[in-house]
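Please consult the sequence and the structure shown here while reading this briefing.

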Amino acid sequence: MRKALIAVTLALGTQWASAQSSDASTIERGKYIATAADCAGCHGENLAGGAAIASPLGPIYASNITPDTLTGIGGWSEAQLRDALRKGRAPGKGWLYPAMPYTSYTGINDADVSALYAYLQSVPAVNHEVRATDLGFPFVRPAMIAWNLLYLKEGHAAGEKPAQGESAERGRYLVEALGHCSACHTPRGVLMAELPEQHLGGAFVGGWQAPNLTNDPSGLGSWSDQELKQFLQKGHNPVAVAGGDMGLAVSRSLSHLGDSDMTDIIAYLRQVPPVITQALPAAPSRPARVDPDTVEGPITGWRNLANNATTDGAVLYQSACASCHGVDGTGTAGPDLGRLRDLRSAHPNNLVQVIAGGINLEIDGKHILMPGFRDQMNNEQIAALARYVRSTFGQVPGSGPDEQEVTSILSDKTPVSWLINYAPALAWGAIVVLVLLLGWVLARRKA
Amino acid sequence: MSDYDADVIVVGSGSLGSMVALELARAGKKVIVLEAGPETTDWKVTDNFRNSARQNNFNALFPDVPYAPNSFSPGYINPHLEGIDVFPGTLRSVGGTSRHWTAATWRLLPEDMSLKSSFGLAVDWPITYAEIEPFYCDAEYEIGVNGIADYDESGQGLGYTYPPRSRPFPLPAEAKPYAIQRLQQQIATKGYRIDVAPSSRISKPYDGRPACIGNNMCNWNCPIGAKHSGYHVVEKIRKLGVDLRSNAIVHKIETGADGKVTALHYLTPNRAATRLTAKVYVLAGHGFETPKLMLMNNLGARSGMVGRNLMVHPTIDMTLLSSEPLWAGRGQNIHGAIMQRRNQPDRTRIPSTRYDLLNNPPTVGIAETALSERKIGAALDDEIHDRSARIFTFEALTEDLPDKANGISLNPGFKDSLGLPGLRLDYRISDYTNANLPRLMDDFANFLQATNGTRISAPTKWICQQHIMGTVRMGTQAEDAVVDRDLRCFDHQNLFLVTTGVMPTAGGVNPTLTGMALAIRAGKHIAKEV
């Protein structure tokens, strides 16, 4: 009984203390920071962690960042949170892996760290022990000391560019530090650090193409401000639909940002130096002419009625897609396919991902859903369908993908350098060589 | 575990078989589902539809395989019918006949399940509405059902939710197209009211399915997957690791001395035979195939009720040509229904009746008629344009009562490609059904007057719904029923029949949602036993 009383007193005491130290408006601001930084993207809606973040080195488990003292960050000081965000160091773990985008978060300012701290300490504590990440040798946590020396510029978000004017300055902070857009949109080098010279120039992540966000025509240079704003707030505009993780980023984070922040983000993106990537073929000036006769003809006999195996893209399109996208691809319930950039991209990743997995976006009370077809088509059929819509509605001549490319895209793997790929073998090899050398030296000494 | 091939084997992958498999798979059980028919993907059915010359036949879009004939396969059913013209179109296909259902998801009323005590008719169910109610909710949330709050489904204008529900509809009602709005205005003058028809053609994205965009081919096959079908549940159970085998035709069921099922055998189309064992067996092969399997193996014989008491919802319809364009064929196939005749006090004499307003695309029928009148060229076009805008069909679905004389039995005169028998079908329209005719004619006449229409097809002959009930009825004792309230066979302790064939009485509404609720309930029971 006495113990219980003490516990209650302690609990009340802590609550009172935290209520004292952080007023409601600071917590509210911290919540906005957490939204802009999309903490929930990895740590989950309740921030209790546990999700396996797929990395090319193996799964990295998102930690519990609720104020639970045992399993979360309840025992952390503000300075410790600041270190985690800025230096990639956390109590109990030592060095974090950069799946936690601290190379971007390092640019978060003191006031925002304080607010974020107040907010994270105010959310309901969840007792949830998260599985420890084990990437195996040589990707051990202390290896990050060297990596950080090479790639972490404390206080400066990785690759951020100079910005002219107050609005673009704020935009830079939102894009580079909080939004950590470069984590997906910047290609990475041999040791998986973002390549500064190709900052925001587009990359491949988990089987998707994260497009070029720079001011080149192959990037956002050809988008109007209005198109950009609509995409970031609603998840779609006439030329693009946010699929996969970008869809989630819009629904969880970007769609909740204020109008002035949105203006600032666009102002900064306009100033990002162009990275020239493969030009996108122009959208067709007039819709494709599709003659239904090419896919219509009597189907008789049970064998033909039961045959799901066609690899004729036109038949697949007219059967599975035309009810929403129209016979000529100009769209009825779905968008006009010819205008979609992902359809005409040199890389069919996003097109293939959407055909296979669909779109499922809930933004601002609106639900946009396209069903995926991977349960009803094999990879060869998805490839045939992708080729058909690219060549017919995108009017991109003679373009892939083939079955093999679809299989590779749908394996959801992020491409990595040979060094990372063979790192375990190389590291063990080096150790073996060292041991042999040592043995040889010792043997020679004895002899 | 290693003694058995699975915890549970389910025969049939339709709406109900897949649902019981889903329940078991979620409980972590090892499940094998055997489906006699082939797998035809949804997009392929759309392809078949677009390229079919027989669009007025739902079954025609699915392969009529020689090793698993369906009810429309020539010769498979040998009909002995009196006063009624057609018989139900059943499929044998992965996903079952729900591949071409309308997705009408009515609940039964408490009175529908207690005809004996409420109206002195037929029998009471061995289970009450209150006992099924939570499972109705489970089914509605599983498949996504549209409806309105405070809804009296009995049509008696009660002003409160009836039958009672413990959870609201998961989705809001769909919008009413012009035809339904206009008809509502017109028939209101005669005292009729069009109520919302609950359906699983979803009004908002739900569970990975997009919202309906009004392709208006619900019955054939929803081309975007907005309408629920057993095929969606099949996709779910596969992800849960259920071993679904298509083209696996179960024909032989072994039992031990205690009556328990010990194994079942299936053939593939090329006659390769496989024997499988499980702790529990579920037959979920529709209201025809389930009793057929029982009869082929002399199971459940004690009751003498296997295959009997067939109920099919005798139906009669009238097509009219309105004086003004109604534009039927926009939105879903059935939007609203006139429910006032569903549960009137005179149900002791006159069957429960519902009027459906068929919002189907009418062009094929119009073209057929016009062509038969030798109209071609511009005259044909004009006829189609004019009539498509004005034509409308009212359909009366009526409750029939169980009668031992109605039912299915084996028809050894037919052999499929594996040498398995066909079915003999007996059904006679009863005096109780015919007692409805005067009032039906009265109502139809009122609809005609209210719309200022011309009758182009008179309500003169009984047809039936594709609803099969009663053939393996549930009850309280082995003497007059095949299964108990948990769908367990009285004679075979580890054999469950999950089909609308268990319904002892038919009610006046589509039975599938009730079947799903019973399937979920049975699944939970079985999960506890294995």
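The points below are grouped by topic.

This is a predicted model, in which local features need pLDDT of at least 70 and side-chain atom pairs count only at pLDDT 80 or more, while totals for chains, interfaces and linings use all residues. Residues are numbered from 1 along each chain as its sequence is written, and chains are lettered from A and ligands numbered from 1 in the order in which they are written. Helices (H or I, at least four residues) and strands (E, at least two) are DSSP runs, numbered from the N terminus.

**Contact between the chains**

- Chain B contributes 28 residues and chain A contributes 22 residues to the contact, where two residues are in contact if their C-beta atoms, placed from the backbone, lie within 7 Å.
- On the side of chain B that touches chain A, helix H2 (residues 42-50) of chain B gives the most, with 7 residues.
- That side of chain B comprises 11 nonpolar, 9 polar and 8 charged residues; Ala, Val, Leu, Ile, Met, Phe, Trp, Tyr, Cys and Pro count as nonpolar, Asp, Glu, Lys and Arg as charged, and the others, Gly among them, as polar.

**Helix H2 of chain B**

- H2(B) is mostly covered, with 9 of its 9 residues buried; a residue is buried if 20 or more other C-beta atoms lie within 10 Å of its own, exposed if 12 or fewer, and partly exposed in between, with C-beta atoms placed from the backbone.
- Among the buried residues of H2(B) are Trp43(B), Val45(B) and Phe49(B), and also the charged-class residues Asp42(B), Lys44(B), Asp47(B) and Arg50(B).
- The cover over the buried residues of H2(B) includes helix H13 (302-305) and helix H14 (313-320) of chain A, together with helix H6 (230-239) of chain B.

**Helix packing in chain A**

- Helix H10 (residues 225-234) and helix H12 (residues 259-269) of chain A have axes that come within 10 Å and cross at roughly 125°; axes are lines fitted to C-alpha atoms, for helices over the stretch in contact, and angles run from 0 to 180 degrees between N-to-C directions.
- H10(A) is therefore oblique to H12(A), since angles under 35 degrees count as roughly parallel, over 145 as roughly antiparallel, 65 to 115 as roughly perpendicular and the rest as oblique.
- Asp225(A), Leu228(A), Lys229(A), Leu232(A) and Gln233(A) in H10(A) meet Met262(A), Ile265(A), Ile266(A) and Leu269(A) in H12(A).
- The residues of this contact of H10(A) with H12(A) divide into 6 nonpolar, 1 polar and 2 charged.

**Sheets in chain B**

- One open sheet has 3 strands in the order E3-E17-E16, with mixed pairing; two strands pair if DSSP finds at least two bridges between them.
- Strand E3 (77-82) and strand E16 (407-415) of chain B are at the edges, each with a single partner strand, so one side of each has no neighbour in the sheet.
- The twist in this sheet averages 25° from one strand to the next.
- E3(B) and strand E17 (residues 421-428) of chain B run parallel and are joined by 6 bridges, and Asn78(B) has Arg424(B) as its bridge partner in E17(B).
- Helix H7 (residues 286-296) of chain B lies across E16 and E17 of chain B, at about 70° to E16(B).
- An open sheet of 3 strands in chain B has the order E8-E9-E10, with antiparallel pairing.
- Strand E9 (residues 261-267) and E10 of chain B run antiparallel and are joined by 4 bridges, and the partner of Tyr266(B) in E10(B) is Thr274(B).

**An exposed loop residue**

- Arg167(B) lies in the loop between strand E4 (146-147) and strand E5 (171-172) of chain B.
- Arg167(B) is exposed, with 12 other C-beta atoms within 10 Å.
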